[in-house]
Amino acid sequence: MLRTTLAGLRLHKSRYVTTVLAILLGVMFVSGTMVFADTLNANYEESVMGSATSVDAIAEPTMEEPEGPEPPEEPVPFTGEQLDEVRALPEVAEAGGILEDQTVLLDADGRAVGFVPPAAVALDGTSRLSADEGELPSNGDEIALATSTAEQTGFAVGDTVTVLDSEQDKREFTLTGLVEFGVDPTYSSRGAVIFDPATIREMTGAEGYGEIDVLAAEGHTPEEVADAVAAALGSGAEVQTGEEYGLELAENVGGQTEMLRVALLLFALIAMFVAGIVIYNTFAILIAQRQREMALLRCVGAKRGQVFRSVLAESMVVGLVASALGVLAGVGVGMAGARFGGPMMGVETSVSVVITPTAVLVGMAIGTVVTVFSALVPATRATRVAPLAALRTSATAAGLEKGTGWIRVVFGLLAFAVSAGLVALSRTMEMSPYLLFIVTGAALIAFVGVVVLGPLLVRGIVRLVGVPLRKVGVPSMLAVDNSTRSPRRAATAMIALTVGATLITGYSVISSSTEATMTRMLEEQFPVDYQITPQFSMEEPEESGSEGAEEAPAEGTEGTEAAAGQHEGAAASGENTEGEPAEGDAAGETGAGSAEQGGGAEEVSDAPEFPTVPDEVRVALESQPDLGQVFGQSSAFVGQDDGGGLPVYTYPGAEVGVDVTSDVVEGELTGFDPGEVVLAQSYADDAGVGIGDTFTISSENGEDLSLEVVAVVEDMQMLSGVTVTEEDFTRAFPGVDEAEMLFVRAAEGADPAEVRDAVYTAVEDHPTMQVGSAAEMKNQFTQMLDIAFYTIAAMLGLAIIIAVFGISNTMALSVLERTRESALLRALGLARGQLRRMLSVEAVLLCLIGAGIGIALGVLFGWAAGAAVLPNMIFAIPSVQIAVFIVIAVLAGLLASVLPARRAASTSITGALASE
Amino acid sequence: MTESTVKPDPTVTPPPVVVARGLTKTYDTGDNQVHALAGVDVEFHRGAFTAIMGPSGSGKSTLMHCLAGLDVATSGTVHLGRTQITGLRDAELTLLRRDRIGFIFQSFNLLPMLTAEQNILLPSQIARRGVDKQRFDHIIDVVGLRERLHHLPAKLSGGQQQRVAVARALLNAPEVVYADEPTGNLDSRSGAEVLAFLRDSARDLNQTIVMVTHDPVAASYADRVVFLRDGRLVDEVTEPTAELVSARLLKLEEA
């Protein structure tokens, strides 16, 4: 039996070419991902381990684990005496410390780099760190930068770099080297500037050591040294051997690679799923075409089981061969990915490609299992062929399927109804992350509906679009008829394409809706052109705000990421119960952090807590003729009894309800006067007050400020927390005299370039002031969304290519089946070109239906998913992208029909007529 | 095209519609060459119903394919009217078939997804040619398909399917209709219907018909039978009867 199977495979191998390609592509994706991730991992590990194992022990200051709601204390750095103690230990040959502080680095335009100043570092003695390019600084005129910082600023070795000292005076250095901090979380996001030890003390006054690196004396193991150092440093230190430290770092890093691996594998599985559909269709068609062959086998005595096994064996061979090729291709792709993708992700690929047995086995297994599994149903169908079918001559009616059964219709409609119900339900429910699961579930059920009703859908849509097509000419008329003659086959081919189209459209709808929502938020609630904020300091101002400070770099060091953080924050927090609106700007985050710290006590925090914008900047801005209006935002935080914080804001120079505004829940924003207060909804709810009620704020001088609530506004908009007039604010918090943020609006009709110049001229003497522009923020945000979209589209592209292979294969097999028909048409006078056009139209029709259904599903569920996570989402249909999808679908159809059409047109008429 | 209602005077021979001269067709099968046609000279006259007969492998189908422009002859010429069709390019042959020739095949005559009426009108649609409604009605009535026009081929009997094919071939009054074993798949009664209809068309509509068959009974409906053996024309019978044709055929097989 196996011999028959193999002989059959050899005979029909051309029919399997596209199937093999489909499996190959899917497997290639899977194995490629594994190889890529493994290689990346090995590289990370090597770089991390390499630096850590160059020393024997590494000590870092630790902090006590905090108890209760108290935030963790910052660890106390090691002192010079502690370093000397370590050096004096008999087990220690050499020891060095890393002096740590922060500094303000200026870019080529003279503006401070980063939302948060980079770390300032000096290597005092032995260290695990070394210069990857050039030399470490050796005197007061030299400086080195973290590789990431150099990339961000564009500085290269030999350039002159300006740094501000603790007096904010500029000092120039020559860049002598670059240090690769790799993925070390302490430096990866903020970047770092490296001085020599004497200079860092001069520049920043740094005294503490953030880390002590130790080399063991002759005859002592790293463990002994680590123990000795731990004993010397006491409880405030965590000491690890170099190897332990490296392993820990590598583990952290490994987590990142694993996430990448999972994300890529997800797309690979989508591709495999589509490949499965293609394989199923191919086998189903082949079995249908080989009915007589199967029947003949049964006639000569093959049992049902043997026929079944023979089909499965066939699929197994196809699966194995295709998977093997796929794994080979995957290794190639993984190598290329590690080679070219690695550097893009900041990893130098020094290690050779890692091919684990897992990568090979997973690829082989997935490819083969999917193939055999997809062939199960067709194989079962093959066993149902009666031996008598061998004797039957195929009638003209071959290929015409029976109509769609009513059970199918009922089941399909039911699926649609349930899906629609779930979507409707998700719209009425309160926003929560679980909604996304409901929407996803609804999408899957709708997809099942499409699969079940596929044949009916194909027939219905073709009938509809067929009306104008039929009038175009005979080829398109015949194509319309051809595309409905095996609706099940056509539906399966089309559904493979629908998968990709749904996902891409869905994502693009979410992406464009997010963009539209963001744009509106920026325009309506950030109705200014520029925003001036001080650079965020990592220093601890009055022993508070440390948590906020730590959060800031994580949330983002640039305006873009802050904007993204705002969006994510908004998406994640949903219904705000805790009373801390997720503010996007760093000041808001900080406020939230410190407000929590106020904890318990009914006290007013010392002011100013955070860096503010100097009044000179405001004066300079106001003196610029191109700038129309300048207003500020000042804030103070009042601790609450329940441990929460009450952020109080005022906007000097702005009219509430006009210049700064939010959507009003109740009350009136206009005519906001002293003695009145505006509350964000969650604060009003917490305090249990409404319009006309009295809201009390504890003031700095101990007197309570009783104000009348005049408006309650939506959460997470411009007016967050508690808004009061400038008069009331000054009365309550006389210590807060500078704005934490300035907003600038251009003068009417001013040239944007000149406005920009004016703003930068005003802040020239204050390099640490961060200038944010609404337009730039929007651009960066749009750019980020675009990059994400193109990445995802490229990942899904493979699934679409596989689907096109499937359609091409279906066409090719149909053409094979219709050889005699094509010959008849040619005999009756259909020109070759017309025959080709007929097949092209049929393939394009299939692709368009598949893409069309996908686009419809994608728009619907993209909307539902977006609305489930984005509050007040503005639904935007990405019409340009959808138009592009449609064009791609047409091109895909044309592409899919090229080979089958050529084959059909080149077949000799008499040969085809003679063959029976 | 003048339609004559009287039977043509046998003494005045009308000009031949199809003329083949020195037609040969050679297939290369690797080692040796097979001569499917080894120099055939034959002509078919307007309004004549001619049967081409011969044992299996005699080249009768090849002859028909070459005459109809479906296959390319190795040498020799074929004229349809004043057009020499040997040497025409594929595109020109396609137009020629479309506009001037009708076909009836043994099976797979109809497109399964088109109704009987759509099948009949297909060549006209391909050619974007208007249909003579009267002729259409006349033919439909003669072949008795009026009630079945909107049926798909799968719903028609074999005889009905063949009658649809005949109606399609005749609708445009082509210069010649080629029929390749038109009754090969039919029972004798349906076969007789189709053959009678072909014969009547030749007589009443002055339609030139060339039919390939191996069935002496089918051949007996023709005005003339030509016999082919090993790629050569070897015999000819006019006003044939089934017995006469059988005898000749038997003689050919024996020789």
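The crossing is left-handed, that is, the near helix is turned anticlockwise from the far one by less than a right angle, whereas clockwise would be right-handed.

Keep in mind that this is a predicted model, where local features need pLDDT of at least 70 and side-chain atom pairs count only at pLDDT 80 or more, while totals for chains, interfaces and linings use all residues. Residues are numbered from 1 along each chain as its sequence is written, and chains are lettered from A and ligands numbered from 1 in the order in which they are written. Helices (H or I, at least four residues) and strands (E, at least two) are DSSP runs, numbered from the N terminus.

Stay with α13(A) for a moment. Where does α13(A) kink? Look at A:Leu453, shortly before A:Pro455, where there is a kink of about 70 degrees; the bend is the angle between axes fitted to the seven residues ending at a residue and the seven starting there.

Another helix pair in chain A is α8 (242–289) with α11 (357–383), whose axes come within 8 Å and cross at roughly 35 degrees. This crossing is right-handed. Among the residues that meet are A:Gly276, A:Tyr280 and A:Phe283 from α8(A), and A:Ser374, A:Pro378 and A:Arg381 from α11(A).

Now over to chain B. Between the chains, 20 residues of chain A are in contact with 25 residues of chain B. On the chain A side, α14, α24 (819–827) and α27 (909–914) each supply at least two residues, and α24(A) gives the most, with 4.

Chain B has an open sheet of 6 strands, in the order β6-β7-β8-β3-β9-β10, with mixed pairing; two strands pair if DSSP finds at least two bridges between them. β6(B) and β10(B) stand at the edges with a single partner strand each, so one side of each has no neighbour in the sheet. On average, neighbouring strands are turned by 20 degrees against each other, direction ignored. β9(B) and β10(B) pair in the antiparallel sense over 6 bridges, and B:Leu228 has B:Leu233 as its bridge partner. Helix α8 of chain B (242–254) packs on this sheet, touching β3, β9 and β10 of chain B.

An open sheet of 4 strands in chain B has the order β2-β1-β4-β5 and antiparallel pairing. Its edge strands are β2(B) and β5(B), each pairing on one side only. β4(B) and β5(B) pair over 2 bridges, and B:Leu80 is partnered with B:Thr83.

Finally, α4(B) (133–143) and α5(B) (158–171) cross at roughly 155 degrees, their axes coming within 10 Å, which makes them roughly antiparallel. The crossing is right-handed, and the residues that meet include B:Phe136 and B:Ile140 of α4(B) and B:Val166 and B:Leu170 of α5(B).

Terms used: Two residues are in contact if their C-beta atoms, placed from the backbone, lie within 7 Å. Axes are lines fitted to C-alpha atoms, for helices over the stretch in contact, and angles run from 0 to 180 degrees between N-to-C directions. Angles under 35 degrees count as roughly parallel, over 145 as roughly antiparallel, 65 to 115 as roughly perpendicular and the rest as oblique.
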